Amino acid sequence: MSRIFLRIWRRYRDTALFLKMTAGFVLGLFVAFVFGEKAQVLSPIGDILLNLLQLIVIPIIMVTLIHAVNSTRSGNLVRVAFKTFAFYILTTIAAVVISLSLALLVNPGTGLQRPDNGAETPEAPSFVDQLVGVFPENIFKALVDGNILALIFVAIVVGITMAGMRRSSDSTICGFGKLLYDLVLAAEEMTFRILAGILQFAPFGIAALVASDIGSQGLDALAALGKLAGVVYAGLAAQILLIYIPLLLFNRIPVGGFFRVAGAPMATAFTTQSSSGTIPVSLEATRKAGILQEVAGFVIPLGATINMDGAVIRLGASVVLAANIAGHDLTVLELGAIVLTATFVSIGTAGVPGAGLIGLTILLQQAGLPLETVALVAGVDVLLGMGATMINITGDLVGAHLIDKSEKRAGGRQSDSKSVDDL
């Protein structure tokens with residue numbers, strides 16, 4: 001009996017992660033449509049997966065960033081940071097322009113009624129508060145609150161300090177620096193081993209998340225806002241076809257190889273709706289793709305926080321929905337303001353499920369449109385959030401591949417891992 005169990009376990013363990021996650025997603029859909037709201041009994045299993053991913057997020061961010069900073073010369077770090085921010089800002093602007101164009105063409109809110117009751121949403125922090133929050137007064141509070149930007153700042157400071165110690169002319173200080181660096185390498189190896197165990201459980205958590213979330217929505221809610229969902233998913237597809245794939249082709253990165261290594265992170269993001277929770281899976285994919293880890297360790301965690309291409313596609317379509325419901329024709333100036341506001345709002349949007357409703361509230365307030373629209377969008381937030389988070393992660397991985405290619409050209413470097421060209 002034990003041999004049979006061991007054989008089954010080994011076959012399951014050796015099956016490709018993307019296939020296991022796809023099977024979990026399909027199973028979750030089946031359970032959702034068969035049992036409906038009763039499928040919510042499975043939600044604790046999905047919550048366990050989310051908790052485990054969140055558990056490993058902070059250790060991975062800290063050790064990979066500290067390692068990345070120590071493996072990168074200061075000039076290279078500045079160059080990588082500039083390329084990263086430029087890529088994320090430009091693709092985010094492109095995403096919201098695509099979203100608004102499609103939504104204005106379809107007018108998804110035509111025929112919908114304004115809800116009687118507004119939806120309650122958490123109060124979002126101001127831009128100044130977000131900026132100040134990057135510099136934490138208490139590292140332990142930042143850890144408890146899961147303040148990703150603050151932790152990225154701390155990891156960079158620690159990494160720079162450690163690198164300075166390793167290069168010190170004082171042999172004692174240099175020895176301390178090397179000791180700390182070895183501890184970071186050991187912690188990184190341990191963290192990725194823990195991640196490997198979590199990923200074995202992921203397909204079961206994904207099946208439970210899909211079953212409970214989709215089952216609780218009901219077909220009526222999905223049908224009522226089907227046009228909005230269609231616009232959003234058309235925008236998500238356009239972002240891949242018009243922005244990501246041309247960028248990959250222009251930089252001579254095989255599209256098929258990219259999506260093979262990106263499949264597992266995309267599936268994880270789609271089902272968990274958590275950009276930050278998908279960081280571990282994305283980093284593992286970059287390792288398989290042969291991306292320089294000093295690049296991936298900076299680009300992926302930062303992208304999970306500030307790169308929200310999918311989020312702005314959802315925001316843009318939802319704003320047009322609100323304008324349709326209010327009977328308001330958006331002017332060119334208003335559309336321009338929406339593009340800029342959506343870009344900055346997306347930077348401050350946390351990479352966790354449900355945060356899109358906060359961004360939508362801010363955008364509707366800025367545009368002077370009815371906040372009650374949030375209640376309508378909340379009805380299909382699960383469906384929209386799945387696709388939006390997947391595009392967020394896809395954008396992160398595209399950015400990592402492009403910047404990695406650029407850095408290898410600049411420095412003539414190669415990774416020891418398998419290249420995406422070989423996959």
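**Close-up views of a predicted all-chain model**

The secondary structure of the protein comes to 17 helices and zero strands, where helices (H or I, at least four residues) and strands (E, at least two) are DSSP runs numbered from the N terminus. This is a predicted model, in which local features need pLDDT of at least 70 and side-chain atom pairs count only at pLDDT 80 or more, while totals for chains, interfaces and linings use all residues. Residues are numbered from 1 along each chain as its sequence is written, and side-chain values use heavy atoms, with hydrogens and water left out.

**View 1. Confidence along the chain.** The mean pLDDT (the predictor's confidence in each residue, from 0 to 100) is 80 for the protein, and 81% of its residues reach 70 or more. Confidence is highest in helix H9 (residues 226-250), at a mean of 93, and lowest in helix H16 (residues 373-378), at 64. Over residues 117-122 the pLDDT is below 50, and this stretch has nine contacts (heavy atoms within 4.5 Å) beyond near neighbours in sequence. Residues 349-354 also stay under 50 in pLDDT, and for them the model has 18 contacts beyond four places in sequence.

**View 2. Salt bridges that meet at Glu407.** A salt bridge is a side-chain nitrogen of Lys or Arg within 4 Å of a carboxyl oxygen of Asp or Glu, and by this rule the count comes to four. Arg79 and Glu407 meet in one of them, at 2.8 Å from N to O; this pair links distant parts of the chain, with Arg79 in helix H4 and Glu407 in helix H17 (residues 381-411), 328 residues apart. Glu407 is buried, with a relative accessible area of 7%, whereas Arg79 counts as partly exposed at 30% (buried means under 20%, exposed over 50%, and partly exposed in between, with a 1.4 Å probe and protein chains only).

View 3. Arg193 forms a salt bridge with Glu189, the closest N and O atoms being 3.0 Å apart. Both residues lie in helix H8 (residues 171-224), four residues apart, about one turn of the helix. An α-helix has 3.6 residues a turn, so residues three or four places apart point the same way. Arg193 counts as exposed at 60% relative accessibility, while Glu189 is partly exposed at 39%.

View 4. The 18 residues of helix H13 (residues 309-326) should span 26 Å at 1.5 Å a residue, and the end C-alpha atoms are 26 Å apart, which agrees; the expected span is 1.5 Å times one less than the number of residues. Of these 18 residues, 16 are buried, so H13 is largely enclosed by the rest of the structure. Just after H13, Gly327 takes a positive phi of about 70°.

**View 5. Positive phi at two loop residues.** Asn107, in the loop between helix H4 (74-106) and helix H5 (127-133), has a positive phi of about 55° although it is not a glycine. Asn107 is partly exposed, with a relative accessible area of 28%. Arg252, in the loop between H9 and helix H10 (255-272), is likewise not a glycine and has a positive phi of about 60°, and Arg252 counts as exposed at 70% relative accessibility.
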